[in-house]
Amino acid sequence: MGEKLVVVGQGYVGLPLAMRAVEAGFDVVGIDVDEWRVKRLNAGESFVEDIGDEQVAAALRHGRYLASTDYADAAGFDVCVITVPTPLCEGAPDLRHIASAGQCVAPLLRPGATVVLESTTYPGTTEEYLLPILEEGSGLRAPEDFLLGYSPERIDPGNPVWRLENTPKVVSGLDEASLRRIRAFYEQVVDHVVPVSSLQVAELCKLLENTFRHVNIALVNELSMFAGQLGIDVWEAIDAASTKPFGFMRFTPGPGVGGHCLPIDPSYLSWKVKRSLGHNFRFVELANDINDHMPDHVVHRLVLALNRRGKPINGSRVVTLGLAYKKNAGDCRESPAIEVVRSLHKLGARVRAADPHVEDYPLPAGVEIIEVTRRELAEADAVVVLTDHDRFDYRLVEEASPYVFDTRNRCRGPNVELI
């Protein structure tokens, strides 16, 4: 028998970790509150693009993996990794899922066990928030009785190059013994481990990574608005700037930001700075303002384009390509494409949406899910590219559509307008 690992949360972060740990020789229990998700996993079915059905089925066949909604199955664990969501609630961090996981894990803690938090959060959460929950529920003390650490997740859904095992993993511990144990654990599942000196440094590291992306995406999003008004092709300018081999990193505009990180993580940092220091994090607040309003900008541009063609948005047939927040993935969390679809529907457009990666997502009544065909494109008053999945036939989109508004720079032609 190998060491027993419990992974709380079997989503885009937790499931890849669980599967990789099985390959590394751990006996893994994946805890999730979603009964439908657990049922599918125990039937050998994956709902995460990066994990195939066969990988889950193999883990089950070998008897090294169990998905469960019952924390009793987690008893006797050596290592527990918490990968639950940390959304925002009215602009403030919502840590209820961390609290629930901590309260359920605490009674199962035994001397020598290790708990690692991977959920994105503000600096201080692991020590000031999770630690007291674990100590109160277990009667144990850290680091004397059990070990505690934080390691920010770096999952990029749909990325075929950088996966869990070959992406460097930042790790931290409550004390030196915790760090050694947590480093040893992750060294069994990833190629390269990066230890840092404190829990707070690791927590800030994750927020820094995503705030950097968030601010730079906001920069090019705002630049795209002004460049369009000046009659300049912002995409050509970005391509040209990208030839510089130093001092420039390529970011591209789009309909907004989505996923479990960019719309949320920078606000965690801004909230912490405001609460602890009394200062506004102006870069984050400005980036939030720009990126949050990009779906509105897309709708406004489409309304103007249809108006130039003598068509009101109310009653126009609009085909939207993509519902997920990023290409070649089915993750719709905080997706700006969803916001665009909802806004168009509210304005009276007859919206028909297509996304080959999304199995099911609650859209407004009246929005039809379609397959992309020549007829669907030809009968549309406008086609909007919101997510640039490779499975879309962009040549067909260019040829068959009377008008295309492309927010991702995948189409070209006289009937195409770029964001």
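The following questions and answers examine labels given to parts of this predicted model.

User: Why is the W36 and F47 pair called tilted?

Analyst: The ring centres are 6.4 Å apart, and pairing requires centres within 6.5 Å. The planes stand at 40 degrees. Stacked needs under 30 degrees and edge-to-face over 60, with the rest tilted. So W36 and F47 form a tilted pair.

User: What makes this pair a tie between parts of the chain?

Analyst: W36 lies in helix 2 (residues 35-42), while F47 sits in the loop between helix 2 and helix 3 (53-61). The parts they tie together are eleven residues apart in sequence.

User: How do you know whether F47 is buried or exposed?

Analyst: Its relative accessible area is 16%. Buried means under 20%, so F47 is buried.

User: What makes E165 and R163 a salt bridge?

Analyst: Their side chains meet at 3.6 Å, N to O. The cut-off is within 4 Å, so the pair qualifies. E165 has a relative accessible area of 26%, and R163 has 30%.

User: Which salt bridges does D390 form with K327 and R410, and how do you know?

Analyst: The closest N and O atoms of K327 and D390 are 3.5 Å apart. For R410 and D390 the N to O distance is 3.3 Å. The limit is 4 Å, so both pairs count as salt bridges. K327 and D390 link distant parts of the chain, 63 residues apart. R410 and D390 tie together parts that are 20 residues apart in sequence.

User: Why is D390 called partly exposed?

Analyst: Its relative accessible area is 44%. Exposed starts over 50% and buried means under 20%. So D390 falls in between and is partly exposed. R410, at 28%, is also partly exposed.

User: What makes strand 3 and strand 10 edge strands?

Analyst: Eight strands form an open sheet in the order 3-2-1-4-7-8-9-10. Strand 3 (65-68) and strand 10 (193-195) each have a single partner strand, so one side of each is left without a neighbour in the sheet.

Definitions and conventions: Residues numbered from 1 in each chain as written. Predicted model: local features only at pLDDT ≥ 70, side-chain atom pairs only at ≥ 80, totals over all residues. Heavy atoms only, no water. Pairing = 2+ DSSP bridges. Helix = DSSP H or I, 4+ residues; strand = E, 2+ residues; numbered from the N terminus. Phe/Tyr/Trp six-rings, centres within 6.5 Å; stacked < 30°, edge-to-face > 60°. Buried < 20%, exposed > 50% of the residue type's maximum accessible area, 1.4 Å probe, protein only.
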